[in-house]
Amino acid sequence: MPDDRELMARVKEGEQTALELLFARWEGRVFAFFYRLGGPPDRLGDLAEEVLVSVYRQRHRYDPNRAFAPWLYGIARLVWKDHLRRRRREEPHCALLEFARSSAREPGPAEVAEGREEVAVLRQAIEQLPGEQRIIFVLRHFEGLAYEEIAEALQVPLGTVKWRLHEAVRRLEIALVESKGGGIRTP
Amino acid sequence: MRCPENTVLVDVVYGECATEDHGRILTHLEECQKCHERWTRLRAVLAAADQWVVPSASPGIAERALARIATERVRRSPADRPTIALHHLIGSLLFGAGAASLSLFLLFISGVHDQGEMSPLIIGLTGILWTALYGGVTLLALHPRYRRAAFAALVGAGMTMLVTPLLSMSSVIEASHRWAGPAHMSSLLDAVVFLAGILYASTPSFVSGASITRAARATALEDATWLAVFYALLVAPSVCLQCQHLALHLTVAWIAGMLAGAFLGSLGGVWVGARLQMATSG
């Protein structure tokens, strides 16, 4: 199975099957990335599609000597920021409403029934993390990027990545402790 | 061992801790009740995050992206289509005219007219050609593919022209004559002039390439080639004016040296720029 770098090299040469394979491999992960960032459900597909199209448009800028995932998430982050900017411009009240909705949201019946209150609390806490902290936590925890890869994707110093990740984890821990009245169920 | 900070525990969880520290911290966690509780709490938080299930991706994302790309290939999208706005064109021409005027002025104060009379027609044609070259490279700087190389070439050519009054081609060739000795052996003189041409062009190419391009390693060769080509084009009028009264073999040696120097300097500069980029992003 060819890796992403090899596929991108073939995409640069104009091979259609490599492009299809690459997109099939990444569409779910990019969708999940935006989902975990708190993207609106009806826009997740569009955002993921935009990233894939941008990957193709910017294929000549990709350096095959470097990892593919940081490069792709660098594009995804720009698409995300663009989405947030456009949403603020088009619907100035939208972010506030979403924040209020998110703050007021209680764990759903299914989550409670399955004993997943902690998951619901965590999800809410992640959605309330500041923008860059949320992206870094999602990239490290869910997408498995190394600190250095995140620094490369976001074009920020390594120390900034570490600090923001530590801060994000600290906030999540506080949220979970508070939701349990001071105690956490251990796994 | 002192109790590790929470930030260190996060690094351990994510495998971002040095191997030797990793073992020592895990040993400490087994021995220290307080740290063990912190560790367990942290693991619980991250384990809860792991339980967060993402719904299946909406169908057809890749297919829609492929369809858009296919459409763009047939009918290139406005974003990809090279368009030149009128104000960019006018701005580039104005910049080109200004740069060309300044370059001609610097050439004249360097004493190029002392080597022989130049007709107003030649000066006028050179000015027009130079305006077109400066303006054209400035326009290319608007294109994502050539942006880095075009900017670097403009800076490199600017440096070369600014240095010209202090270090003109004629003074370099005179120095080469002296260095080659009284015999003035043609082949030795050509070699010295060739090396002088390399030095003359490689220095500004290297500096501008290193300081401006910040290229990715994969595109370094391409960037260096474009930088060398743009630079050579931008300094070509100056070289032509300064070479017009030189012997043919010296002109050939000088131009060959400058071309080699432009390419080698650009390659070295872009390579250093890429290394700097890696160091600063790492």
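**Close-up views of chains A and B**

**View 1. The contact between chain B and chain A in a predicted model.** In this predicted model, 33 residues of chain B are in contact with 45 residues of chain A. Three helices of chain B each supply at least two residues of the side that touches chain A: H1 (6-13), H3 (33-50) and H4 (61-74). H3(B) gives the largest share, with 10 residues. By class, the side of chain B that touches chain A holds 19 nonpolar, 7 polar and 7 charged residues.

**View 2. The fold of chain B.** Chain B has 11 helices and 0 strands. Read from the N terminus, its elements run α-α-α-α-α-α-α-α-α-α-α. Of the 282 residues in chain B, 37% are buried. Take the contacts in chain B between residues at least 6 apart in sequence: 80% of them join residues at least 24 apart.

**View 3. The crossing of helices H2 and H4 in chain A.** H2(A) spans residues 16-37 and H4(A) spans residues 68-90. Their axes come within 11 Å and cross at roughly 45 degrees. Angles from 65 to 115 degrees would count as roughly perpendicular, and those under 35 as roughly parallel. H2(A) and H4(A) are therefore oblique to each other. The crossing of the two helices is right-handed.

**View 4. Residues where H2(A) meets H4(A).** H2(A) brings A:Trp26, A:Val30, A:Phe33, A:Phe34 and A:Leu37. These meet A:Leu72, A:Ala76 and A:Trp80 in H4(A). The residues of this contact divide into 8 nonpolar, no polar and no charged.

Terms used: Residues numbered from 1 in each chain as written. Chains lettered and ligands numbered in written order. Predicted model: local features only at pLDDT ≥ 70, side-chain atom pairs only at ≥ 80, totals over all residues. Helix = DSSP H or I, 4+ residues; strand = E, 2+ residues; numbered from the N terminus. Buried ≥ 20, exposed ≤ 12 C-beta atoms within 10 Å, placed from the backbone. Contact = placed C-beta atoms within 7 Å. Nonpolar A, V, L, I, M, F, W, Y, C, P; charged D, E, K, R; others polar. Axes fitted to C-alpha atoms, helices over the stretch in contact; angles between N-to-C directions. Parallel < 35°, antiparallel > 145°, perpendicular 65-115°, else oblique. Left-handed = near helix turned anticlockwise from the far one by under 90°.
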